[in-house]
Structures are given as structure tokens and as C-alpha cells.
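Take a look at the sequence and structure first, and then we can walk through the contacts.

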Amino acid sequence: MAKTKSPTFARIRAEVIRLVGLIPPGKFTTYGSIAVHMNVVARHVATVMSHLTEEESAALPWHRVVSADARISPNMERKTAALQRSRLKTEGMKINREGYIQDPDAHFHVVGPRRDIRWSSLKDS
């Protein structure tokens, strides 16, 4: 039997998806920026992003989330990395051969200030 995800993880997942959906075209943010805003660790955000369904991947601008150094993850599958690079370039970002977004300050999307959330203590709906 598959392991059931906790209500806490489900809330974190929903919020990551919501925040990624708010990143405007021509902008990017990082796993860490989302994590700081949500008061979680970047690994939580990366886990959510790496387990999107096909429908979520088609609907979300997932390509606008990169590593802390404004780089397409070198650990990403080549085909996915090429798609991310292509989409970011289509939105006006220049990316060097190592995968770094050039002039990142001009394209960085600020998610927001750290929120004082304790995800595990939220009441289940």
C-alpha cells in the first residue's frame, strides 16, 4: 500500500503550487526564496516541484523556479533542463552555457517576507 502523505505535507504542497503560479512571465525565483517565505526548508519546495503531476506541470510555470545561484539545476534530467532553458529564454532571460541566468537582479521575483507559520500546528480543514 502507498504511504499516505500527511495533512501538513498536503498544505505545504498546495502553498508551493500556489506561489509558483504567481511568478510572472519574465521573472524567476528560487526554491530557497519560496521556502523562506513559507518558513520551510528549500528541500520541501524541491520535493514538491519534482513530484508535480503532468497536469500540474502543464498548468504551472515550474520553469521559473531555479537554484539559489540563479542557475538551472545541473542535477535535472537533460531534457527537462533544456525545456526550462528554452522557456526562460522565450520569456526574455539570457542564460549562459553553464545554466546561470544573466542579470538575475533584473528578473528576480520576490516571493514575500518570511511568514511565521508552523505548518504542523495548523488545524485540519
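In this predicted model, helix 1 meets helix 3 through Phe9, Ile12, Arg13, Val16, Ile17 and Val20 on the helix 1 side, with His44, Val45, Val48 and Met49 on the helix 3 side. Sorted by class, the residues of this contact are eight nonpolar, one polar and one charged.

**Helix 1 with helix 3**

- The axes of the two helices come within 10 Å and cross at roughly 75°.
- Helix 1 and helix 3 are therefore roughly perpendicular to each other, as angles of 65 to 115 degrees are counted that way.

**Helix 1 with helix 2**

- Helix 1 covers residues 7-21 and helix 2 covers residues 31-38; their axes come within 11 Å, crossing at roughly 125°.
- That angle makes the pair oblique, therefore neither roughly parallel nor roughly perpendicular.
- The crossing of helix 1 with helix 2 is right-handed.
- Helix 1 brings Ile12, Glu15, Val16, Leu19 and Val20 to the contact, while helix 2 brings Ile34, His37 and Met38.
- Of the residues in this contact, six are nonpolar, one is polar and one is charged.

**Helix 2 with helix 3**

- Helix 3 spans residues 42-50, and it packs against helix 2 at an angle of about 115° with the axes 8 Å apart.
- This crossing is right-handed.
- From helix 2, the residues Tyr31, Gly32, Ile34 and Ala35 meet Ala42, Val45, Ala46 and Met49 of helix 3.
- The class count for the contact is seven nonpolar, one polar and no charged residues.

**The nonpolar cores**

- In soluble globular proteins, nonpolar side chains tend to be buried together.
- Here, the largest nonpolar core holds 23 residues, and Val16, Val20, Ile34, Met38, Val45 and Met49 have the most contacts inside it.
- At least two residues of this core come from each of helix 1, helix 2 and helix 3.
- Helix 1 gives the largest share of the core, with six residues.
- Another core lies apart from this one; it has nine residues, including Phe28, Ala81, Ile95 and Ile101.

**A closer look at Val20**

- Which residues does valine 20 touch, not counting those up to four places away in sequence?
- They are Ile34, Met49, Leu60, Pro61, Trp62 and Val65.
- Val20 also belongs to the helix 1 side of the contact with helix 2, and to the helix 1 side of the contact with helix 3.

- Threonine 47 is part of helix 3.
- Its relative accessibility is 25%, so threonine 47 counts as partly exposed.
- The C-alpha atoms of threonine 47 and tyrosine 31 are 9.9 Å from each other, with the two residues 16 apart along the chain.
- Isoleucine 117 sits in the segment after helix 6, which runs over 104-107.
- Is isoleucine 117 buried or exposed?
- With a relative accessible area of 15%, isoleucine 117 is buried, because the cut-off for buried is under 20%.
- Isoleucine 117 and asparagine 39 are 78 residues apart in sequence, yet their C-alpha atoms are 6.2 Å apart in space.

Note on methods: Residues are numbered from 1 along each chain as its sequence is written. This is a predicted model: local features need pLDDT of at least 70, side-chain atom pairs count only at pLDDT 80 or more; totals for chains, interfaces and linings use all residues. Side-chain values use heavy atoms; hydrogens and water are left out. Axes are lines fitted to C-alpha atoms, for helices over the stretch in contact, and angles run from 0 to 180 degrees between N-to-C directions. Helices (H or I, at least four residues) and strands (E, at least two) are DSSP runs, numbered from the N terminus. Angles under 35 degrees count as roughly parallel, over 145 as roughly antiparallel, 65 to 115 as roughly perpendicular and the rest as oblique. A crossing is left-handed if the near helix is turned anticlockwise from the far one by less than a right angle, and right-handed if clockwise. Contact means heavy atoms within 4.5 Å. Ala, Val, Leu, Ile, Met, Phe, Trp, Tyr, Cys and Pro count as nonpolar, Asp, Glu, Lys and Arg as charged, and the others, Gly among them, as polar. A nonpolar core is a set of buried Ala, Val, Leu, Ile, Met, Phe, Trp, Tyr and Cys residues joined through side-chain atoms within 4.5 Å. Buried means under 20% relative accessible area, exposed over 50%, partly exposed in between (1.4 Å probe, protein chains only).
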